[in-house]
Amino acid sequence: MTLSARLLRATTYAGLGFASLLSVFPFYWMLVSMTNSAVQVANGKLTFGNQFLANVQELFASVDMLRVLFNSAVVAVVGTVLTIAISSAAGYGFEIFRSRFKDRIFALLLLMLSVPFAAMMIPLFVMFAQAGLMNSFTAILLPGVASIFIVFYFRQATKAFPHELRDAARIDGLNEWQIFLRIYLPVMKSTYAAATVIVFMANWNAYLWPLIVLQTNDMKTITLVVSSLVSAYNPNYGVVSVAAVIATLPTCFVFFLLQRSFVEGLTGGVK
Amino acid sequence: MNSRRTEIWGWSFLLPALVLLGLFMIYPILSSLWLSLHSGKGMNLSFAGAANITRLIDDPVFFRALSNTLLFLVVQVPIMIFLALIFAVALNDRALWGRAWFRTAIFLPCVTSLVTYSVLFKSMFAYDGVVNDTLLLLNIVDLPIPWLTDPGWARVVIIIAITWRWTGYNMIFFLAALQNIDRSIYEQARIDGVPAYARLVRLTMPMLKPIILFLFIISTIGTLQLFDEVMNITEGGPADATLTLSLYIYNLTFKFMPSYGYAATVSYVIVLLVAILSWIQFRIAKDS
């Protein structure tokens with residue numbers, strides 16, 4: 001190995017090591033802060049303390065955590081199931097039953113993929129307020145269940161779905177929905193897994209729309225609770241960190257359980 | 001099966017999604033445009049023609065939010081994409097020891113929600129906090145940096161935070177693309193004595209052009225909508241130094257006396273910017 005190659009190698013390890021350290025540090029910080037008092041966190045204490053139970057107690061005393069976690073779970077699970085069901089059917093439909101008219105609709109949808117949420121937010125808010133649906137799961141979930149991105153994702157994936165399977169199923173006398181549910185769904189398992197990860201993460205972490213729609217404490221999700229704890233005049237970061245860990249655990253779990261699908265899901269749209 | 005029946009079956013798959021998208025996407029987008037022609041408080045709106053545009057031109061807070069947003073875009077996106085590319089190229093080397101560990105570590109920030117990591121950054125960058133402690137300890141600074149109370153430094157914190165959260169995400173796209181590039185090209189270049197940086201600039205980057213363009217576009221769209229971080233780390237402050245367009249729209253609608261018409265006008269500025277910037281980026285990619 002030449003000197004310059006060795007130097008490059010050393011720089012690479014140093015750079016990657018430093019980047020990894022910076023990437024992981026905030027996680028360590030979150031875990032450490034969870035066990036320290038507000039003052040200790042504010043002073044940058046880097047070692048584990050003994051305030052963990054006190055922080056947990058304070059969090060559970062100020063917030064109805066069971067209710068909050070229930071809300072988050074409903075939003076994430078129901079939202080994910082509905083989104084995947086409706087959007088995967090549409091993605092399948094766009095690819096299998098192609099026509100010029102449908103292709104035009106699809107092109108129009110793709111164009112809208114880049115319209116920012118801010119441009120829809122106000123009419124959506126007015127709409128749900130006038131329908132008397134503010135502060136409800138319906139208001140949170142309904143605008144998101146038809147996701148253009150997921151429709152697009154499934155349309156791309158459907159290109160790889162073998163035609164022979166569909167033809168054989170038709171000869172067997174299955175109707176189109178039976179083909180979709182009994183043949184397509186099991187065959188496309190990995191696509192569904194990846195899409196589930198994306199949608200679950202997005203729903204669990206959703207912030208702006210829930211912030212607008214959910215107004216009472218008994219409807220808040222964990223993401224909103226973390227945010228409102230820290231917007232207090234003098235936030236107790238020990239307590240905030242406990243909430244932050246609780247908010248991160250499910251997505252961490254999903255990540256390590258489905259790491260493959262997770263990465264596939266992120267990059268799948270452009271392959 | 002005749003084609004008319006197939007047609008009906010086909011629509012049965014599309015209809016639920018299309019109805020929902022029409023109701024909760026197409027209608028709101030058009031309704032925003034209509035609202036932007038009106039002014040008034042709350043739902044007492046009257047037709048105002050171009051009055052909102054006049055207000056926009058005279059609104060210093062709007063220009064503040066616009067320039068902040070563009071600053072984040074111009075500074076943060078290139079830094080992040082460059083870092084992501086460098087990490088991906090380094091990690092694509094099969095001889096590298098511990099590459100799976102490095103990759104997981106750099107990607108890990110992606111599992112946090114935008115709100116959660118914002119909250120962590122707010123506490124880390126506190127005046128007596130861990131970042132200042134470390135900088136003082138290493139003698140990089142003599143006095144603690146007023147990260148969150150100085151307008152300039154507050155912007156730096158936002159840029160650092162976004163870069164932390166999204167570099168790994170961008171890196172994964174590069175890694176996926178690099179895996180599709182034939183390794184023998186690199187072997188040949190190395191044998192021919194092409195130095196590392198030239199391999200990066202002359203070989204890798206041209207081949208990754210579509211991905212770089214894609215990442216620039218999605219990062220642009222994301223940055224123009226920047227909200228969670230500035231809301232939770234700085235609340236747009238100090239002195240509007242980190243106010244973004246999305247946060248301004250939120251404030252106009254839900255914090256101040258609601259002026260839906262004007263807020264809708266500002267939201268169309270974002271729509272326009274996304275359209276223009278995507279178009280420019282496509283043109284640049286085409287020309288070069």
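## A tour of chains A and B

Residues 24 or more positions apart account for 68% of those contacts in chain B that have a separation of 6 or more, a contact being a pair of residues whose C-beta atoms, placed from the backbone, lie within 7 Å. Before selecting anything, note that this is a predicted model, in which local features need pLDDT of at least 70 and side-chain atom pairs count only at pLDDT 80 or more, while totals for chains, interfaces and linings use all residues. Residues are numbered from 1 along each chain as its sequence is written, and chains are lettered from A, with ligands numbered from 1, in the order in which they are written.

**Stop 1: chain B as a whole**

Select chain B, whose C-alpha atoms fill a box of roughly 75 × 70 × 35 Å along the principal axes. Chain B has 13 helices and two strands, where helices (H or I, at least four residues) and strands (E, at least two) are DSSP runs numbered from the N terminus. Colour residues 3–35 as domain 1 and residues 54–287 as domain 2, bounds that come from an automatic or database domain assignment; the C-alpha centres of these two domains of chain B lie 34 Å apart. Of the 288 residues in chain B, 43% count as buried, meaning that 20 or more other C-beta atoms lie within 10 Å of the residue's own, whereas 12 or fewer make a residue exposed and values in between make it partly exposed, with C-beta atoms placed from the backbone.

**Stop 2: a covered helix and a buried tyrosine**

Next select residues 114–124 of chain B, which form helix H5, a mostly covered helix in which eleven of the eleven residues are buried. Among these buried residues of H5(B) are Tyr117(B), Phe121(B), Lys122(B) and Met124(B).

Then move to Tyr262(B), which is found in helix H13 (residues 260–287) of chain B. Tyr262(B) is buried because 25 other C-beta atoms lie within 10 Å. Leaving aside residues up to four places away in sequence, Tyr262(B) touches Ser39(B), Asn52(B), Arg55(B) and Leu252(B).

**Stop 3: two residues with positive phi**

Most residues other than glycine have a negative phi. Select Glu235(B), where phi is near 50 degrees, a positive value in a residue other than glycine. Glu235(B) lies in the loop between helix H11 (228–234) and helix H12 (245–255) of chain B, and Glu235(B) counts as partly exposed, with 15 C-beta neighbours inside 10 Å. In chain A, select Asn135(A), with a positive phi near 60 degrees, in the loop between helix H6 (118–130) and helix H7 (137–141). Asn135(A) is partly exposed, with 15 other C-beta atoms within 10 Å.

**Stop 4: inside chain A**

Show helix H1 (residues 3–33) and helix H14 (residues 237–257) of chain A, whose axes come within 8 Å and cross at roughly 120 degrees; axes are lines fitted to C-alpha atoms, for helices over the stretch in contact, and angles run from 0 to 180 degrees between N-to-C directions. H1(A) and H14(A) are therefore oblique to each other, since angles under 35 degrees count as roughly parallel, over 145 as roughly antiparallel, 65 to 115 as roughly perpendicular and the rest as oblique. The contact joins Met30(A), Leu31(A) and Ser33(A) of H1(A) to Tyr237(A), Gly238(A), Ser241(A), Ala244(A) and Val245(A) of H14(A).

Leu108(A), in helix H5 (residues 100–112) of chain A, counts as exposed, with 12 C-beta neighbours inside 10 Å.

**Stop 5: where the chains meet**

Finally, show both chains together: 69 residues of chain B are in contact with 67 residues of chain A. Helix H1 (residues 3–35) of chain B gives the most to the side of chain B that touches chain A, with 17 residues. By class, that side of chain B has 49 nonpolar, 16 polar and four charged residues, where Ala, Val, Leu, Ile, Met, Phe, Trp, Tyr, Cys and Pro count as nonpolar, Asp, Glu, Lys and Arg as charged, and the others, Gly among them, as polar.

Zoom in on H6(A) and H1(B), which pack at an angle of about 90 degrees with their axes 8 Å apart, an arrangement that makes H6(A) roughly perpendicular to H1(B). Residues in this contact include Met120(A) and Pro123(A) of H6(A) and Phe24(B), Tyr27(B) and Leu35(B) of H1(B). The contact of H6(A) with H1(B) has eleven nonpolar, two polar and no charged residues.

Technical notes: Contact = placed C-beta atoms within 7 Å.
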